[in-house]
Amino acid sequence: MTLPEQTLSTLSTPALILDADRMDCNIARLRGRLDGLGVNLRPHLKTAKSVDVAHRLMTTPHGPATVSTLREAQLFAQAGVRDIIYAVGISPDKLPAILALKAEGVDIAVVLDSVEQAQAVARASRDAGVAIPALIEVDCDGHRSGVRPDDHDAQLAIASALADGAELRGVLTHAGGSYGARSDEALRACAEEERLAVVSTADWLRAKGFSCPVVSVGSTPTAHFGTSFDGVTEVRAGVFVFFDLVMAGIGVCTVDDIALSLLSTVIGHQREKGWILVDAGWMALSRDRGTARQAVDQGYGLVCDQHGRPFGDLIVADANQEHGILALRPGSSGTLPDLAIGDRVRILPNHACATGAQHDRYHVLSGGTQSIEAVWPRFGGW
């Protein structure tokens, strides 16, 4: 809905602000890059959790798309998305919901990395008379889950179990280790490690007689730094749509690319401590402190003026449930800005997914104005 009477000066705070121009530039940047490298984008909708944003992200209204919860799969399916990968390891209790989506005409594939999961998927497929497509998750960097690319016994056992009623759709990996990379060279190395892990696994499975049409990789850093996607059929990425301070700290984007911010109001001062208090605590920002492990610690977020221009070294240094404590970054030679009670600031988040999860809507800006041109609902839950 359009609310032309609302502006950043009148909006009730804290409020989640989305700069649509920056978002569209971020989408165009990655799409252009991947198009140039000849690989498809399957955007991860977990960051936005919004039908309005999804329509800008996907190639068509029907997909392709990646999700991380059943609720995402169900709500995006209700909005017309028909090509989905549920990219979190499947558990047997979720298979009835997967089958219900398939009965509605949704081509939804699940992800697994064990024989037990594969047996459950095959059994559910046989019982329903519907082959559930599954992708074998490959552990490309020891970050989290998946089968090691050189563990051929496990790969063969999983593929064989799936053959008893289900469908082996392909292989998938996520280079979570790329979030710890600290140079362009390291990021390119992560991307190549990711690519080789799934391509070699797919080639081995094909040599054993298994069809492996999908070879899927995905992380925002590797999507932006991969120099070759030979053998890969698709790239999954999510946070690129908004970016955040963690991505800026890795070097994937700049602070000026971040499309998401939190509007907050100054509610007090502790001048002897060098503090400015605002009405946005961790309930509005989340407790994510992802930049604490980076070269520049942004606290709970980087503080900008109402127009989105950073105040240099002003960060949310600490956060209580509903109070944010603004202070200069330790070691800074800057001066605290003169912010009066009632003044508005915008806070750039450490992790766009986590901050977004605290809110049920986006207040959308575009064209460099201070007017809220639309409100886009977002959802949570599992």
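User: Helices are DSSP runs of H or I with at least four residues, and strands are runs of E with at least two, numbered from the N terminus. How many helices and strands does the protein have?
Analyst: The model is a predicted one. Counted by that definition, the protein has eleven helices and 17 strands.

User: What share of the contacts with a separation of 6 or more comes from residues 24 or more positions apart?
Analyst: Of the 382 residues, 55% count as buried. The accessible surface comes to about 15300 Å², and carbon and sulfur atoms hold 50% of that. For contacts with a separation of 6 or more, the share from residues 24 or more positions apart is 66%.

User: Which strands are at the edges of the open sheet of eight strands?
Analyst: The strand order in this sheet is β2-β9-β8-β7-β6-β5-β4-β3, with parallel pairing. An edge strand pairs on one side only, which holds for two strands of the sheet, β2 (40–41) and β3 (65–67).

User: In β4, which residue is the bridge partner of Ala 65?
Analyst: β3 and β4 (residues 83–89) run parallel and are joined by three bridges. Within β4, Ala 65 has as its bridge partner Ile 84.

User: In β5, which residue is the bridge partner of Gly 89?
Analyst: Five bridges join β4 to β5, and the two strands run parallel. β5 is mostly covered, with five of its six residues buried. The partner of Gly 89 in β5 is Val 111.

User: Which residue in β7 stands opposite Leu 135?
Analyst: β6 and β7 run parallel and share six bridges. Of the seven residues of β7, six are buried. Opposite Leu 135 stands Gly 170.

User: Which residue with a positive phi follows α5?
Analyst: The 14 residues of α5 (residues 115–128) should span 20 Å at 1.5 Å a residue, and the end C-alpha atoms are 20 Å apart, which agrees. Its buried residues include Gln 117, Ala 118, Val 121 and Ser 125, and β4, α4 (95–103), β5 and α6 are among what covers the buried residues. The residue after the helix, with phi near 70 degrees, is Gly 129.

User: Why does Leu 45 count as buried, and what is its relative accessible area?
Analyst: Leu 45 is in the loop between β2 and α2 (51–57). Leaving aside neighbours within four places in sequence, its contacts include Ala 54, Leu 57, Met 58, Ala 65 and Phe 76. Because buried means under 20% relative accessible area, Leu 45 qualifies with a relative accessible area of 1%.

User: How far apart in space are Leu 45 and Val 303, C-alpha to C-alpha?
Analyst: In sequence the two residues are 258 residues apart. In space, the distance between Leu 45 and Val 303 is 27 Å.

User: Which residue in β15 stands opposite Cys 304?
Analyst: β15 (residues 344–348) has five of its five residues buried, with Arg 344, Arg 346 and Leu 348 pointing one way and Val 345 and Ile 347 the other way. It pairs in the antiparallel sense with β10 (residues 260–270) over four bridges and with β12 (residues 302–304) over three bridges. The bridge partner of Leu 263 in β15 is Arg 346. Cys 304 also stands opposite Arg 346.

Notes
Residues are numbered from 1 along each chain as its sequence is written. This is a predicted model: local features need pLDDT of at least 70, side-chain atom pairs count only at pLDDT 80 or more; totals for chains, interfaces and linings use all residues. Side-chain values use heavy atoms; hydrogens and water are left out. Two strands pair if DSSP finds at least two bridges between them. The expected span of a helix is 1.5 Å times one less than its number of residues. Buried means under 20% relative accessible area, exposed over 50%, partly exposed in between (1.4 Å probe, protein chains only). Contact means heavy atoms within 4.5 Å. Accessible areas come from the Shrake-Rupley method with a 1.4 Å probe; for residues, only the protein chains shown count as cover.
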